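User: I've got a model open here and would like to talk through a few of its features. Can you take my questions one by one?

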Amino acid sequence: VCPALAAAVDGRRLGLREAPQVWLSAGLALAGVGVLELADGLGAAGWGDLWSVLQAVGFGTSFFLTERLMAREPGMALPITAAQCAVSAAFAGLWAVADGSGLIGGGGLGFGGGEGAWLFDETKRASYALPGLLASEQFRPVALAVAWTGLVTTAGNRIGETVALGRVASAEASVLLATEPLWAALFASLLLG
């Protein structure tokens, strides 16, 4: 996404002759995602695969726009990250309301959680939402995992990415970030045996 946006929007010369490494890397990353997502064949493609593609387009666009913002305002990493996290939180909130009201899960559109309309059930709402999620012994590990994911691996990571995108082109950064599954597999193999 980043190389295509850089060529289309900024007019960067990223043709196959000018930057073959960018297109080779992008093709390898796309092929890797295809292998991960479509391992069961094209007939098994579903909503999750669509969301995965949209997520890649969203992140690529975000990296491209962040690079442009950081080039204009290099000292604005924290406000840019705060805006990105706020937008992500708003979409997560809208999704939770749609899922909790049964619009997308439990018979609605068919791709939400299996506990549709949990917002209308006092027992489920008490354990699925704050502060019940934190108070419940059963769900405390989930709440801690959500806090870790939100604060460290989302907000903290986004700050690092935003600062880096002020120094590295988004097309190059996206290639580096595409290696994440390889690093995850390596560390999982080392840590888990």
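User: How many disulfides does the count come to?

Analyst: Keep in mind that this is a predicted model. A disulfide needs a pair of cysteine sulfur atoms within 2.5 Å. By that rule, the count comes to 0 disulfides.

User: Is Cys-2 buried or exposed?

Analyst: The cut-off for buried is under 20% relative accessible area. Cys-2 has a relative accessible area of 1%, so Cys-2 is buried.

User: And what does Cys-85 count as?

Analyst: Partly exposed sits between the buried limit of under 20% and the exposed limit of over 50%. Cys-85 has 22% relative accessibility, so it counts as partly exposed.

User: How far apart are the end C-alpha atoms of helix H3?

Analyst: H3 covers residues 47-72, and at 1.5 Å a residue its 26 residues should span 38 Å. Among the buried residues in H3 are Gly-60, Phe-63, Phe-64 and Met-70.

User: Which side chain does the side chain of Arg-158 make a polar contact with?

Analyst: Arg-158 is in helix H7 (residues 140-165). Arg-158 is buried, with a relative accessible area of 8%. At 2.9 Å, the polar contact partner of its side chain is the side chain of Gln-84.

User: What is the relative accessible area of Leu-192?

Analyst: Leu-192 is in helix H9 (residues 180-192). Together with Trp-183, Leu-186, Phe-187, Leu-190 and Leu-191, Leu-192 forms a nonpolar surface patch with about 740 Å² of accessible area. Leu-192 is exposed, and its relative accessible area is 73%.

Notes:
Residues numbered from 1 in each chain as written. Predicted model: local features only at pLDDT ≥ 70, side-chain atom pairs only at ≥ 80, totals over all residues. Heavy atoms only, no water. Patch = residues over 30% accessible without salt bridge, like charges linked within 9 Å, V, L, I, M, F, W, Y side chains within 5 Å. Areas by Shrake-Rupley, 256 points an atom, 1.4 Å probe, with all protein chains shown as cover. Salt bridge = Lys/Arg side-chain N within 4 Å of Asp/Glu carboxyl O. Helix = DSSP H or I, 4+ residues; strand = E, 2+ residues; numbered from the N terminus. Buried < 20%, exposed > 50% of the residue type's maximum accessible area, 1.4 Å probe, protein only. Expected span 1.5 Å × (residues − 1). Polar contact = N/O pair within 3.5 Å; in protein donor to acceptor, adjacent residues only side chain to side chain.
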